[in-house]
Amino acid sequence: MFERSFIHDSYANRRGKGTHRALDRCQQFARRNRYVLQCDLRQFFPSIDHIVLRQTLFTKVSDPDVRWLIDRILESGAGVLSESYDLVWFPGDDLFAPLRPRGLPIGNLTSQFWANCHLNPFDHFVKRELRCRDYLRYVDDFLLFAADKRTLWSWRAAVVERLASLRLTLHAKSAHPKPVSEGIPFLGFIVFPTHRRLKRRTGIAYRRRFRALVTAYRAGEIPLDQVSASVRGWVNHARFGDTEGLRRAVLRVSLR
């Protein structure tokens with residue numbers, strides 16, 4: 001029911017719409033636009049308002065038993081991430097606003113899917129009302145592309161206003177238009193129009209992990225298959241960037 005209503009460029013938690021597809025699409029948009037507005041939502045999962053999400057889900061779900069189940073799942077998540085949430089006051093709020101139930105457990109599979117449902121009206125707003133042709137979202141990280149900064153600044157103001165209706169806010173350090181030629185940090189890579197690089201900290205982190213695995217293997221603590229599986233997983237991810245030299249360096253240095 002929900003999948004049919006999602007925009008084409010909504011990624012994550014959808015069949016055939018994983019990380020690498022999102023990276024390919026990001027680079028495609030970077031090649032035909034000069035500027036990008038990159039946004040991520042502040043404290044997204046702790047901020048998800050149960051009343052707003054419930055209304056969104058119930059627009060498509062009419063079965064009373066399924067509605068009952070949705071309410072039980074929502075109730076089980078109320079306040080689970082309250083320590084990670086800083087209260088935000090929105091226009092029209094009264095003194096009872098702090099009592100609104102909010103928050104979804106990040107590891108819950110329904111939470112991952114409901115995140116797409118929750119932001120689906122926002123996706124359509126960007127595509128239909130802002131008429132942003134080149135837009136994509138991966139969970140709470142989304143990108144708007146345009147030929148000039150002025151357009152992106154005007155879209156930013158509209159985005160902030162629309163997100164407020166969902167009781168969501170942008171991260172303070174995000175949402176400033178910049179040239180795509182500077183590179184777009186996205187899903188563990190730095191995406192340029194002509195190439196992609198793995199984020200430096202990602203390479204450093206895996207080098208440390210690989211060394212620890214090799215040490216454990218040499219000490220007889222883990223089997224070789226466990227080391228091999230880790231290497232294959234990392235290489236299969238890193239190869240989606242221009243990282244041949246990095247891959248060789250990380251694995252070679254770690255084996256010394």
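This is a predicted model: local features need pLDDT of at least 70, side-chain atom pairs count only at pLDDT 80 or more; totals for chains, interfaces and linings use all residues.
**Entry 1: Leu187**

I looked up Leu187 and found it partly exposed, with a relative accessible area of 21%. Leu187 sits in the loop that links strand E6 (184-186) to strand E7 (189-191). Its phi is near 55°, a positive value in a residue other than glycine. I noted this angle because most residues other than glycine have a negative phi.

**Entry 2: Val139**

I then turned to Val139, whose phi is likewise positive, near 55°. Val139 belongs to the loop between strand E3 (135-138) and strand E4 (141-146). Is Val139 buried or exposed? I found Val139 buried, with a relative accessible area of 10%.

**Entry 3: the nonpolar core**

I next examined the largest nonpolar core, which has 72 residues. Which residues have the most contacts inside this core? I listed Phe44, Phe122, Phe142, Leu144, Phe145, Ile184 and Phe186. Helix H5 (residues 109-129) gives the most to the core, contributing seven residues.

I followed one of these residues, Leu144, through its contacts, leaving aside its neighbours within four places in sequence. Its partners include the run Tyr35, Val36 and Leu37. Leu144 is also in contact with Val126, Leu130, Cys132, Asp134 and Tyr135. Leu152, Trp155 and Val159 complete the list for Leu144.

**Entry 4: a surface patch**

I moved to the surface and looked up a nonpolar patch there. Leu95, Phe96 and Leu99 form this patch, and together they have about 430 Å² of accessible area. I checked Leu99 separately and found a relative accessibility of 67%. Leu99 therefore counts as exposed, since the class begins over 50%. Leu99 lies in the loop between helix H4 (64-77) and H5.

**Entry 5: the chain as a whole**

The chain has nine helices and eight strands. Its C-alpha trace spans about 60 × 45 × 35 Å along the principal axes. Of the 256 residues in the chain, 46% are buried.

Key:
Residues are numbered from 1 along each chain as its sequence is written. Side-chain values use heavy atoms; hydrogens and water are left out. A nonpolar core is a set of buried Ala, Val, Leu, Ile, Met, Phe, Trp, Tyr and Cys residues joined through side-chain atoms within 4.5 Å. Buried means under 20% relative accessible area, exposed over 50%, partly exposed in between (1.4 Å probe, protein chains only). Helices (H or I, at least four residues) and strands (E, at least two) are DSSP runs, numbered from the N terminus. Contact means heavy atoms within 4.5 Å. Patches are made of residues with over 30% relative accessible area and no salt bridge: like charges are joined within 9 Å, nonpolar side chains (Val, Leu, Ile, Met, Phe, Trp, Tyr) within 5 Å. Accessible areas come from the Shrake-Rupley method with a 1.4 Å probe; for residues, only the protein chains shown count as cover. A salt bridge is a side-chain nitrogen of Lys or Arg within 4 Å of a carboxyl oxygen of Asp or Glu.
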